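Thanks for coming. I will go through one structure today, starting with the ligand site and ending with a strand.

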Amino acid sequence: MTDFPNSQRLYQEALEFIPGGVNSPVRAWQAVGLTPRFIVRGAGPHVYDVDHHRYLDYVASWGPLILGHAPPAVVAAIIETTAQGTSFGATTPAEGELAQLLIQAVPSLEMVRLVNSGTEACMSALRLARAATGRFRVIKFDGCYHGHADPFLVAAGSGVLTQGIPGSPGVPPEIARLTLSLPYNDLDAVHQTFKEYPGEIAAIIVEPVAGNMGVVPPANGFLAGLRELCTQEGSLLIFDEVITGFRIAWGGAQALYGVHPDLTCLGKIIGGGLPVGAFGGRRDLMQQLAPIGPVYQAGTLAGNPIAVAAGRAALSVLGDPESYDTLEKKGAWLAAALAQNAQRRGVSLTINRVGSMLTLFFTAGPVRCLDDAKRSDLTRFARFFQGMLAEGVYLPPSQFEAWFISLAHTQEDLEFTAAAADRVWSRW
Ligand code: KE4
C-alpha cells in the first residue's frame with residue numbers, strides 16, 4: 001500500500017487547478033501527512049484507488065453510505081430515473097413521496113423541505129428560527145459543525161459566555177457575535193447564557209450526537225435539558241441530524257433519546273450518496289417559508305429527481321427492521337475488539353460509539369467535549385492512520401471525525417480491521 005505513483009501525479013496536477021487539490025478541505029489529508037489517495041471505485045465495504053489498491057472503507061463518504069458503495073437497488077434507481085430526464089425545475093411525485101417517508105420516520109417532522117446539502121439545511125433552519133422568533137442570537141457548541149454558512153463558522157469567544165468571533169476570514173464580526181459557542185454537554189453554561197441574554201436567543205442548534213469533534217454522545221439529561229430550556233425561554237431547539245439521521249436509528253437521535261426538537265436538519269444518508277439535504281419540523285414554523293410565508297429559501301436543484309430516487313431507494317433498503325440491530329451488533333463488536341487489542345498492546349485510547357458511528361481518541365479520556373477531544377495525541381493518531389492504510393484499511397484522515405460501519409461490512413471485515421489495528425500497535 002506504499003506504492004501510489006498515480007495518486008501522487010494526479011495530486012500534483014490537481015493542486016494547479018483546485019485549491020489544495022480538493023473540493024473539500026478534509027480530503028487533503030493534511031492531518032495525517034500523506035498524499036491523498038485518488039479513489040476511482042467503490043463496491044460494498046471497499047474502495048479502490050487509482051493505483052489499484054483496495055481498502056476497507058470506514059469513511060463512507062463521511063456518512064451517507066450506510067449500505068456500502070454502489071448498492072444495487074440505489075444504482076438501479078439512479079439509472080432508471082436518469083433515463084427519464086435529469087432535472088425539471090418543477091415539482092415531481094417523488095419529492096412528495098420522499099417528504100412523506102421522512103415525516104413518517106422522524107418523530108418531530110410535520111413538514112419538510114428538500115435542499116442540496118447539510119449546509120443549506122442548517123443555514124435555512126436558522127433563518128427560519130430567527131424569523132419565527134424575531135430574535136437573532138443563536139447558541140451552538142464547540143466542536144459541533146453545521147456546515148460552512150457564516151453564522152456557524154464561529155470560534156468560541158474568549159470567555160464561555162462571550163460572543164463568538166469569526167472562525168474564518170470573510171465572516172463579518174457582526175454576524176459572528178450573534179453566535180454563542182458553548183462547551184458541549186455543559187447545561188449550566190446554556191442556563192447562564194439564557195440569563196445573560198434574556199429574550200434574545202432565537203435557537204439552540206446542536207448535533208444530538210456530536211460527530212465533528214469525533215463521536216461524543218450527549219451526557220444523560222443534556223438533550224432533555226436543552227429541550228426544557230428552549231421551551232421555557234421561547235427559543236427553538238434545532239437538531240442537526242445530518243449525520244445521525246437514519247444513522248443511529250430509523251428516526252434519528254430524536255427517536256433514540258426521546259427528545260423532540262422544533263426543527264431538524266437532515267442530509268447524507270437521505271440522499272443515498274447523492275446531494276440531498278432537508279430541514280423540517282413543526283407545521284406552524286415550516287408554513288412561514290416562501291411561497292406561502294415570508295421567509296425566503298430556494299434552490300435550483302432542490303428535490304432533484306435522481307438524488308431523490310437514490311435517497312428513496314437507500315431508505316427502502318435501510319427500512320428493514322433488522323438493519324439497526326445489525327448495525328448496533330457490528331459497532332459493538334468492533335469497538336470491543338479494538339479496545340481489547342489496544343489494552344493488550346498498552347495503547348492508551350478512548351473509544352466513543354453510538355450504533356455504527358465511532359471514534360478512537362488517542363487519549364486516556366473520558367471524551368465528553370471538544371477540550372477533552374483536543375487532549376488526543378495527534379501524532380499517534382497520524383501514525384495509526386498511516387499504519388492502517390498500509391494494512392488496507394481506509395479511516396477518516398482526522399482525529400476529529402467518525403468511523404462509519406455499513407451493512408456491507410461483514411464479520412470477516414470487522415475481524416480483519418481489529419487484527420490490522422493489532423498489527424499496527426504491535427509495532428509501536
Ligand atoms: P454538507 O454541507 O457538507 O452536506 O453538510 C454539512 C454538515 C452539517 N451538519 C453536520 C452534523 C455535518 O457533519 C456536516 C458535514 N460533515 C462533514 C464531515 N463530518 C462533511 C465532510 C466534508 O466537509 O468534506
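The shell around the ligand takes at least three residues from each of two domains, domain 1 (5-70 + 321-426) and domain 2 (75-318); the bounds come from an automatic or database domain assignment. This is a predicted model, so local features need pLDDT of at least 70 and side-chain atom pairs pLDDT 80 or more, while totals for chains, interfaces and linings use all residues. Residues are numbered from 1 along each chain as its sequence is written, and side-chain values use heavy atoms, with hydrogens and water left out.

Which residues come nearest to the ligand? Of the 16 around it, they are Ser-24, Thr-119, Asn-212, Asp-240 and Glu-401; near means a heavy atom within 4 Å.

Next, polar contacts, meaning pairs of N or O atoms within 3.5 Å. A polar side-chain atom of Thr-119 is 2.7 Å from a ligand oxygen. A ligand nitrogen lies 3.1 Å from a side-chain N or O atom of Lys-268, and a ligand nitrogen lies 3.3 Å from a polar backbone atom of Tyr-145. On its own the ligand has 530 Å² of accessible area (Shrake-Rupley, 1.4 Å probe), and the protein covers 84% of that.

Now the strand, E10, residues 236-240; strands are DSSP runs of E, at least two residues, numbered from the N terminus. Five of its five residues are buried, so E10 is largely enclosed by the rest of the structure. Buried means under 20% relative accessible area, with a 1.4 Å probe and protein chains only. Leu-236, Ile-238 and Asp-240 are on one side, Leu-237 and Phe-239 on the other.

How values were computed
Polar contact = N/O pair within 3.5 Å; in protein donor to acceptor, adjacent residues only side chain to side chain. Buried < 20%, exposed > 50% of the residue type's maximum accessible area, 1.4 Å probe, protein only. Helix = DSSP H or I, 4+ residues; strand = E, 2+ residues; numbered from the N terminus.
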